[in-house]
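Biologist: Hi! Could you walk me through this protein in simple terms?

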Amino acid sequence: MSLEVSNINGGNGTQLPHNKRELLCLLKLIKKYQLKSTEELLCQEANVSSLELSEISESDVQQVLGAAVGAGDANRERKHVPSPAQSHKQSAVTEANAAEELAKFIDDDSFDAQHYEQAYKELRTFVEDSLDIYKHELSMVLYPILVQIYFKILASGLREKAKEFIEKYKCDLDGYYIEGLFNLLLLSKPEELLENDLVVAMEQDKFVIRMSRDSHSLFKRHIQDRRQEVVADIVSKYLHFDTYEGMARNKLQCVATAGSHLGEAKRQDNKMRVYYGLLKEVDFQTLTTPAPAPEEEDDDPDAPDRPKKKKPKKDPLLSKKSKSDPNAPSIDRIPLPELKDSDKLLKLKALREASKRLALSKDQLPSAVFYTVLNSHQGVTCAEISDDSTMLACGFGDSSVRIWSLTPAKLRTLKDADSLRELDKESADINVRMLDDRSGEVTRSLMGHTGPVYRCAFAPEMNLLLSCSEDSTIRLWSLLTWSCVVTYRGHVYPVWDVRFAPHGYYFVSCSYDKTARLWATDSNQALRVFVGHLSDVDCVQFHPNSNYVATGSSDRTVRLWDNMTGQSVRLMTGHKGSVSSLAFSACGRYLASGSVDHNIIIWDLSNGSLVTTLLRHTSTVTSITFSRDGTVLAAAGLDNNLTLWDFHKVTEDYISNHITVSHHQDENDEDVYLMRTFPSKNSPFVSLHFTRRNLLMCVGLFKS
């Protein structure tokens, strides 16, 4: 390719050959995207030195790229790049396609905006005049029909008329729909309808409305008697009625599961079986004790006076055998890593600590300790405490990760290679001997990201740390060498959350690209991509048995995904804002979700139904966690308040008053379950963590 080149050496009259300059610009671009192995191979093959590469500036790269885009007609023909005439023709075709797509919205040659508005006005009157027993369910049809009429008026080019229509009738709708309507009012051109997420979602999937058969019959009769072809056409194309037998729901019951961008969950979305039980614990008695030597018979006739040997005492902690849970998945349902000796010792230590756990109740609340980050000019974006409660990791807006030791033991690094060779690899305390005592520090910093760090996550073995960032990468850090060992690339937009599986090896991430991804630490490619949310996925959490992943999204839904199949097995609606935090109960059956709408919702994973909604916070709920024995739910948010809820009573009431049809479940009075509220002094909560002995640890950022 022939390109006209300018001087790249700052006016000293020296010019590089065309091909060489292009190659250097390509290398510069590869270096910018941190493709190190590709860069090294290309430099080696092309015999390019680092000095030559340093002389190329960013403007040179842009100039070469611009020249490549603006190449001559001969190159256009050879590379299939359209000429200006072809581009004009292509843009005309694109406009024709856009006009064709917009015509589908209208779907009426003699479109009359006034006729549509009159039809909506009659529907609104019908809903208002209905009996109270049916009114609340019938009112659920107003929002999707209002939005579809708005789309049709806007697609016809009548922007002001469309805006007036929304402003005139938006007062009929519940408050949680106003945010969505406000975003739709920002659409200024008909062509923008084709790119809007909500518009595309409502085109691809129907808006789901759960309604009693009696209410549905009234609605159909109204459309037929009034001959409302306009409304009937919208209903047939864009609405799905999930009808049920029985009495119609009241206002509270309708609102409880409403609010999602596409209405409520269909019943078939929650029909698949979920193995929510916990995996059977390893038998530590056989793992940690050596096989007994063959003993001689006690009644040896040749030695009648020999004293009898005493059998070794069994540890009561280890001798307890865990019962198999009928709802648990098989141990080999997904491949889990084999436990190393060091992992067995860690689990044994965790069990011993758990045996000293404090039993919590309404009369015995947990003690709480609050770690406040002061003078953080770069801004704390996330915080995480390790499972053994010995380390605290914080992510910052300046793209750094900082780790503190929460115990007198300092953060040590590995010894040098020569010292490691001299160690006895078979010794029981090899992990301790590998660390250099002279290198101990109270805090360490990890640098590598190029954007704010949004989440950190410790591995169960406490020797690895994950972090995700705005730079769309996930980094795996070694806590022995305090360096980045792997960079995972797969998401193309900022990554909001990342979590390790409780059994290690696997981790899950979620992003602005509307997907969540399942990874393994030994592979740089995602094992599963979970696709289904209509907006960015804000938070993610592993199920305690590592077989499932829960995701919360800005589309106001919570989903449960099966790691083995990659399918969505639960869809739960009820939040009125973006879902900001998730936590599984200790038993694995229940899921708690916090949201921007200030609410906490408890879900039953066995059938996907809503258990109860806890209302107390006045701002976004940023963190939720369960006590280790599963009796207390702790939640905290940006309102500087920590709330403790009696989760044992929640589940007790739910099971005793269990109703098979979830849409008849009454909302509980939240004050019955609230145990205590603890305010902080002008410090929003960032993270919560229960230790193995049920001490509650909180992390927050002081805002003056």
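Biologist: What sits over the ring of Tyr 176?

Modeller: The charged end of Lys 576 does, 5.4 Å from the ring centre. A charge sits over a ring if NZ of Lys or CZ of Arg is within 6 Å of the ring centre and within 35 degrees of the ring normal. Keep in mind that this is a predicted model: local features need pLDDT of at least 70, side-chain atom pairs count only at pLDDT 80 or more, and totals for chains, interfaces and linings use all residues. Residues are numbered from 1 along each chain as its sequence is written, and side-chain values use heavy atoms, with hydrogens and water left out.

Biologist: Thanks! Which residues are linked by ring pairs into a cluster with Tyr 176?

Modeller: Tyr 143, Tyr 177 and Phe 207 join Tyr 176 there. Rings of Phe, Tyr and Trp (its six-membered ring) pair if their centres lie within 6.5 Å; planes under 30 degrees apart count as stacked, over 60 as edge-to-face and the rest as tilted.

Biologist: And how many aromatic pairs are found in the whole structure?

Modeller: The search finds 21. Take Tyr 493 and Tyr 512: their ring centres are 5.4 Å apart and their planes are at 70°, so this pair is edge-to-face. Tyr 493 is in the loop between β13 (483-489) and β14 (495-500), and Tyr 512 is in the loop between β15 (506-511) and β16 (515-520), so the pair ties together parts 19 residues apart in sequence. Helices (H or I, at least four residues) and strands (E, at least two) are DSSP runs, numbered from the N terminus.

Biologist: New topic: which residues touch the most other members of the largest nonpolar core?

Modeller: Ile 145, Tyr 150 and Phe 219 do, in a core of 55 residues. The largest share, eleven residues, comes from helix α9 (residues 142-155). A nonpolar core is a set of buried Ala, Val, Leu, Ile, Met, Phe, Trp, Tyr and Cys residues joined through side-chain atoms within 4.5 Å.

Biologist: What is Ile 145 in contact with, leaving aside neighbours within four places in sequence?

Modeller: Its partners include Tyr 120, Leu 123, Phe 219 and Val 231. Contact means heavy atoms within 4.5 Å.

Biologist: Last one! How many helices and strands does the protein have?

Modeller: There are 21 helices and 31 strands. Of the 704 residues, 47% count as buried.

How values were computed. Buried < 20%, exposed > 50% of the residue type's maximum accessible area, 1.4 Å probe, protein only.
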